[in-house]
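Hi,

Here is the structure I promised to pass on. Have a look, and then read on for what turned up in it.

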Amino acid sequence: MNTDTFIASLIEFQDKEGLNNQEFARKLHISDSYLSRIKHGLRKPGIKLYQCVAITYPDLKPLVDAEMYGKTNYKHTEIPVRKTLLTKFLEAFK
């Protein structure tokens, strides 16, 4: 996996969450200017961003692992959708 794929996946996830750059950056505990530079290819993601993505969005941890550790078994198909506690509860009792 390369950095461009990671950034594209992150942007896709941001769009699915319906967050603007400021909201998304705030959730990731980074500045919105840093996020903007990463999205435009002016900066490469640092370890802090990878850590924040993995902690804030555990569903994206396989994506972070693929980027950081070069795991080749990760295949980008679709960004995972975060499930609310109610959704998980209802699925458990189907």
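Which residues do ring pairs link into a cluster? They are F13, F24 and Y57. Before the rest, some housekeeping: this is a predicted model, where local features need pLDDT of at least 70 and side-chain atom pairs count only at pLDDT 80 or more, while totals for chains, interfaces and linings use all residues. Residues are numbered from 1 along each chain as its sequence is written, and side-chain values use heavy atoms, with hydrogens and water left out.

Now the aromatic pairs. Rings of Phe, Tyr and Trp (its six-membered ring) pair if their centres lie within 6.5 Å; planes under 30 degrees apart are stacked, over 60 edge-to-face, and the rest tilted. By this rule there are three aromatic pairs. One of them is F6 with Y50: the ring centres are 5.0 Å apart and the planes sit at 65 degrees, so this pair is edge-to-face. Helices here are DSSP runs (H or I, at least four residues), numbered from the N terminus.

Both of these residues are buried, with F6 at 0% relative accessibility and Y50 at 8%. (Buried means under 20% relative accessible area, exposed over 50%, and partly exposed in between, using a 1.4 Å probe and protein chains only.)

Then there is F13 with Y57, with ring centres 4.7 Å apart and planes at 75 degrees, so that pair is edge-to-face. F13 lies in helix α1 and Y57 in the loop between α4 and α5 (61–69), so the pair ties together parts 44 residues apart in sequence. F13 is buried at 1% relative accessibility, and Y57 is buried at 1% too.

L86, F89, L90 and F93 make a nonpolar patch of about 470 Å². Such a patch takes residues with over 30% relative accessible area and no salt bridge, joining nonpolar side chains (Val, Leu, Ile, Met, Phe, Trp, Tyr) within 5 Å. F89 is in helix α6 (residues 85–92) and is partly exposed, at 47% relative accessible area.

Last, what about the backbone at H29? H29 has a positive phi of about 60 degrees although it is not a glycine. Most residues other than glycine have a negative phi. H29 is in the loop between α2 (21–28) and α3 (32–39), and it counts as exposed at 56% relative accessibility.

Cheers

Definitions and conventions
Patches are made of residues with over 30% relative accessible area and no salt bridge: like charges are joined within 9 Å, nonpolar side chains (Val, Leu, Ile, Met, Phe, Trp, Tyr) within 5 Å. Accessible areas come from the Shrake-Rupley method with a 1.4 Å probe; for residues, only the protein chains shown count as cover. A salt bridge is a side-chain nitrogen of Lys or Arg within 4 Å of a carboxyl oxygen of Asp or Glu. Helices (H or I, at least four residues) and strands (E, at least two) are DSSP runs, numbered from the N terminus.
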